[in-house]
Amino acid sequence: MFQAIFVNTWPWWVGGVLIGLLVPALYFFQNTALGVSTGYGNLVKIISRSSLPWLQGEKFADTWGWRVFFIAGMILGAFVAGRLSGRPLISRGMPLFTEVLNWPFFAYALYFFIGGLFLGLGARFAGGCTSGHSIHGIANLHKSSIIITIIFLVFGVIAAAFLRTVLLGGGGM
Amino acid sequence: MRKKLCFLAFGFYFGFVLSRVGASDYQVIFRMFTGEDLHLAWVILTAIIVGNLGMRYLKARGNLDRDGRAIAIKKKELGRLSIIGAAIFGIGWGMAGACPGTVLAQIGEGRILALFTFSGMLAGTYLYGYILARWPGVNK
C-alpha cells in the first residue's frame, strides 16, 4: 500500500482525476481560476523590487498574494513526495538528458536557463501556461485556450524532435 | 491570511500530485513530445475532462461558491502576440522538460538543474514586463 501510494508512479488516471478536481475546488473554495505562471510576476516583483509599470498593476497589488503561497505549497508538496518516495535529496534531475550527453555543468545550466526564459516570456505573451490555459481554460471550453494549447503542443513536439535529431544524434532517450 | 494558507494547502496538494504522477519527470515529458509514451498526455486529458465535469456539477448546483457568491469564470483573452508567445512557450516546454508548474515540483524533488529553468522563467517574466514598459500596447 505504502509502495503504491508513495513510491511507484501513479497510473495516469489517478493523477488526472486529482489534478482535474483542482479546477472546481478552487472555484468552490476561493472563487479563483487555477493558474501558476502569473505568480512568477509576484516573484519578480518581490525579488527585483522593480518599478516596471506592468508589476504596479492591480493584478500584483498584493505583492505577497495567494499566488506566492500557491507556488510555495507546490514546492513543499513535491518535496514531501520526493522524501517519501526515497529520491535522493539532491540530484542533477534530468537523468536521461544528462546521461546521454556529456556537457560540462555550466552548459546544462545555460541550456535550462534558456528553456526557462522561453517559458517565462512565452507564458506571459500567451496569457497563461499549462495549468491556466490547457487545464483550466479547456475544462471551461474556452476557445482561446484550446488554440493556445495546440500551439504549445505543436512547438513542444518540434523542440523535442530537434533536440533528438540534432543534440542526441537521433538516439533514443 | 486564511486565504493564503488555503492556497498553500492547495499548492501542496498540486505539487504532491504532479510529483507522484511523474509529470515532473524529464523523460515522461520528452516522451510525450516524441510520442513514445503518452502517459502525461492522458493525465492532462483526464484532468480536463474531470475539471469540466466538476464545473458542470457546480453550475447544476446554482454556480455558487462556498460563501454563496456567484462563481466568476475567468476567461483569457488573446493578444496580438499570444500565438507567438505560445510557440515560444512550447519550445521552452520541449527544451526544459518543464512548465511553470512542474518546474516547482522538480525543485521540490531536489532536481538541481530545475533551479536554472526556474531562474530563466523569472528572467523571461521580467523581460515581458520590460518589453511592455518600452512598447505598452505590444500585446493588445
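This is a predicted model: local features need pLDDT of at least 70, side-chain atom pairs count only at pLDDT 80 or more; totals for chains, interfaces and linings use all residues.
**A guided reading of chains A and B**

Residues are numbered from 1 along each chain as its sequence is written, chains are lettered from A and ligands numbered from 1 in the order in which they are written, and side-chain values use heavy atoms, with hydrogens and water left out.

Chain B has 140 residues, of which 56% count as buried; buried means under 20% relative accessible area, exposed over 50%, and partly exposed in between, with a 1.4 Å probe and protein chains only. Its secondary structure consists of 6 helices and 0 strands, where helices (H or I, at least four residues) and strands (E, at least two) are DSSP runs numbered from the N terminus. The C-alpha trace of chain B spans about 45 × 40 × 35 Å along its principal axes. Among the contacts in chain B with a separation of 6 or more, 41% are accounted for by residues 24 or more positions apart; contact means heavy atoms within 4.5 Å.

Chain A contains 9 helices and 0 strands. Of its 173 residues, 55% are buried, and the chain exposes about 7,400 Å², with carbon and sulfur atoms supplying 71%. Its C-alpha atoms fill a box of roughly 45 × 45 × 35 Å along the principal axes. In chain A, residues 24 or more positions apart account for 48% of the contacts with a separation of 6 or more.

The domain assignment, which is automatic or taken from a database, divides chain A into domain 1 (1-91) and domain 2 (93-173). Between them, 11 residues of domain 1 of chain A are in contact with 10 residues of domain 2 of chain A.

Helix α3 (residues 22-30) of chain A is mostly covered, with 8 of its 9 residues buried. Among these are A:L22, A:Y27 and A:F28. The buried residues of α3(A) pack against α2 (12-20) and α8 (130-139) of chain A, and also against α1 (2-20) and α3 (39-60) of chain B. Just after this helix, A:N31 takes a positive phi of about 50°.

The loop between α8 and α9 of chain A holds A:N140. Because its relative accessibility is 12%, A:N140 counts as buried. Apart from neighbours within four places in sequence, A:N140 is in contact with A:V23, A:Y27, B:M55 and B:I73.

A further meeting of the chains involves helix α9 (residues 143-167) of chain A and helix α2 (residues 26-34) of chain B, whose axes come within 8 Å and cross at roughly 105°. Axes are lines fitted to C-alpha atoms, for helices over the stretch in contact, and angles run from 0 to 180 degrees between N-to-C directions. The two helices are therefore roughly perpendicular to each other, a term for angles of 65 to 115 degrees, while those under 35 count as roughly parallel, those over 145 as roughly antiparallel and the rest as oblique. On α9(A) the contact is made by A:L153, A:G156, A:V157, A:A160, A:L163 and A:R164, and on α2(B) by B:Y26, B:F30, B:M32, B:F33 and B:T34.

Methods
Accessible areas come from the Shrake-Rupley method with a 1.4 Å probe; for residues, only the protein chains shown count as cover.
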